[in-house]
Amino acid sequence: MQSQSNENPSSIIVTHNLGKAVTISEGTLHILSSVDIIIKSGESIAIIGESGSGKSTLLGLLAGLDTPSTGRVEINGQDLTQLDEDGRAILRSKFISFVFQSFHLLPGLTALENVMLPLELTGNTQAEAEARSYLQRVGLQHRLAHLPKQLSGGEQQRVALARAFVTRPAILFADEPTGNLDSKTGTNIIDLLFELNAEQQTTLILVTHDVKLAARCQRTIRLDSGTLV
């Protein structure tokens, strides 16, 4: 375990001098530079900033979906830069869930099957019962057999929320979760997200451009041109 984690036993995510750069025709584009963050277990964090400020890039690095150009990310004391792609995938399956703007439901699976899937992948023998329970929790007990194309946007995001929380993740990453929803539906989804998050004491990391939504989190991280403000 890294020394930083020993100093902060309650921290679940720690970054050290995190940076991401890509090569373009004009030279090097620095998307993120020198990002140092400590996120405590159970904390809710909003990452805000203008389009192109590096929000989604930071989320991808924190979740181990992408690798940094400089620095490192630790999750639960594990340095992600020491893991290969398979190792990062295993760590994500243990600790992390996601809710995206575009739902990412599998079109050929019913609502129930979409929520069961992450449980089945871990060999959970109670997958169907737990998936049914979470779909009831998000108000979709009457939609279990519906395919995503038969559901409204708000219903699809409710399925995505049930799928995200059914594994009881330590960390939930939400990337503009209301971006494809109208205002009223989006508000309902966010209320549900925070209710489930409070019940499970999940560490929530929310990428948003919505200042009102960010204010519902305990802490805000603002990015400006790839650096922390």
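Across which strands does α6 lie, and at about how many degrees does α6 run to β6?

Analyst: In this predicted model, local features need pLDDT of at least 70 and side-chain atom pairs count only at pLDDT 80 or more, while totals for chains, interfaces and linings use all residues. Residues are numbered from 1 along each chain as its sequence is written, and side-chain values use heavy atoms, with hydrogens and water left out.

Helix α6 lies across β6 and β7, and its direction is at about 170 degrees to β6 (axes are lines fitted to C-alpha atoms, for helices over the stretch in contact, and angles run from 0 to 180 degrees between N-to-C directions; contact means heavy atoms within 4.5 Å). Helix α3 also lies across β6 and β7 (171-175), but α3 runs at about 85 degrees to β6. Helices (H or I, at least four residues) and strands (E, at least two) are DSSP runs, numbered from the N terminus.

Strands β6 and β7 belong to an open sheet of six strands with mixed pairing, in the order β6-β7-β8-β3-β9-β10; two strands pair if DSSP finds at least two bridges between them. Each of the edge strands, β6 and β10 (227-228), has a single partner strand, so one side of each is left without a neighbour in the sheet.

Further along the order, β8 (residues 203-207) and β3 (residues 44-48) run parallel and are joined by four bridges. Within this pair, Ala46 faces Leu206 of β8, the two residues standing opposite each other.
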